[in-house]
Amino acid sequence: MLKVRTRPYGKSAFGISLGLTVTYLSLLVVIPLGALFLKSTGIGWGGFWKLLTNERILSALYLSFGAGAIAALVNLFIGFLFAWVLVRYEFPGKSLLDSLVDLPFTLPTAVAGIALTTIYTKNGIIGKLLDPYGIKIAYTPIGIVIALVFIGFPFVVRTVQPVLEEFPKELEESAYCLGANRWQIFRRIIFPELIPPMITGAAMAFARGIGEYGSVVFISGNLPGKTEILPLLIVTKLEQYEYEEATGIAFIMLVISFSILLGINIIQTLSARRKG
């Protein structure tokens, strides 16, 4: 009988894989970010300090990160609810609803922004219902949050849904046989397993939100100091040929975003170690 000899992947295969990984990472991430950093250093430390103390830039920074954080928290709840319904229940139109979850991924952001603006303006379908009560959505920070919720909630759904689908039913059945009610089963058995994917999904939604441009630029109204977001301010600086200031703002935004995401990853890692 012919025997086929197999050999495990050796150091050569590992070296090739590692080399390709580092190359692609460098081309797609390290080199562009390095170029951004070098370009931004042209303004010097004094220029950075001037940017950090500029009222217009600070207002845009607070709005972008504040609206992104609020939207991420809202998506944390909405995304979990969508994932729970899609996994735990059977109902007509379930496949259609599951497909619609990915719509913000495929829909051009400009189209989403125009659609949301049309709906929430004073004469829009929803806007005209709220206007008699003095509630304004379009051209306010509230409209920005709604736009970020729209483009961010699929991240939470698609990170929580697989965990729920693969969750072993035997654990729930065992707990039920031991006398636990539904709330106890959810709180002590199911929910702890969902915390990591929920945090991951919310973090991705937050990261997408603070850099979002297309869906926000229409509904925000772009009022300096009120509804102007950082990505729009960067584009404005580029149109005015103030390249160093534009890259400086982008670099500040990058540092803050990376610090927040790094902090979330550290918290997740420490939490996983404690459980282990």
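Predicted model: local features only at pLDDT ≥ 70, side-chain atom pairs only at ≥ 80, totals over all residues.

Biologist: How many aromatic pairs does the structure hold?

Modeller: The structure holds nine aromatic pairs. One of them joins phenylalanine 80 and tryptophan 84, a tilted pair with 5.9 Å centre to centre and 40 degrees between the planes.

Biologist: By what part of a helix are phenylalanine 80 and tryptophan 84 separated, and why?

Modeller: The separation is about one helical turn, because the two residues are four apart in helix H3 (residues 55–88). Buried means under 20% relative accessible area; phenylalanine 80, at 15%, is therefore buried, and tryptophan 84, at 18%, also counts as buried.

Biologist: Why is the pair of phenylalanine 80 and phenylalanine 186 classed as tilted?

Modeller: Planes under 30 degrees apart count as stacked and those over 60 as edge-to-face. The planes here stand at 55 degrees, with ring centres 6.0 Å apart, so the pair is tilted. This pair links distant parts of the chain, with phenylalanine 80 in helix H3 and phenylalanine 186 in helix H10, 106 residues apart. Ring pairs also link Phe80, Trp84, Trp183, Phe186 and Phe191 into a cluster. Arginine 88 lies over the face of tryptophan 84, 4.8 Å from the ring centre.

Biologist: Which helices each supply at least two residues of the lining of the largest cavity?

Modeller: They are helix H8 (141–166) and helix H10 (182–210). The cavity has a volume of about 50 Å³, and its lining includes Ile144, Leu148, Gly209 and Ile210. By class, the lining has six nonpolar, two polar and one charged residues.

Technical notes
Residues numbered from 1 in each chain as written. Heavy atoms only, no water. 1 Å grid on protein atoms, 1.4 Å probe; cavity = no way out; pocket = protein on both sides within 12 Å on 5 of 7 lines; lining within 4 Å. Points joined across faces, edges and corners; volume = space filled by probe spheres on them. Nonpolar A, V, L, I, M, F, W, Y, C, P; charged D, E, K, R; others polar. Phe/Tyr/Trp six-rings, centres within 6.5 Å; stacked < 30°, edge-to-face > 60°. Buried < 20%, exposed > 50% of the residue type's maximum accessible area, 1.4 Å probe, protein only. Lys NZ or Arg CZ within 6 Å of the ring centre and 35° of its normal.
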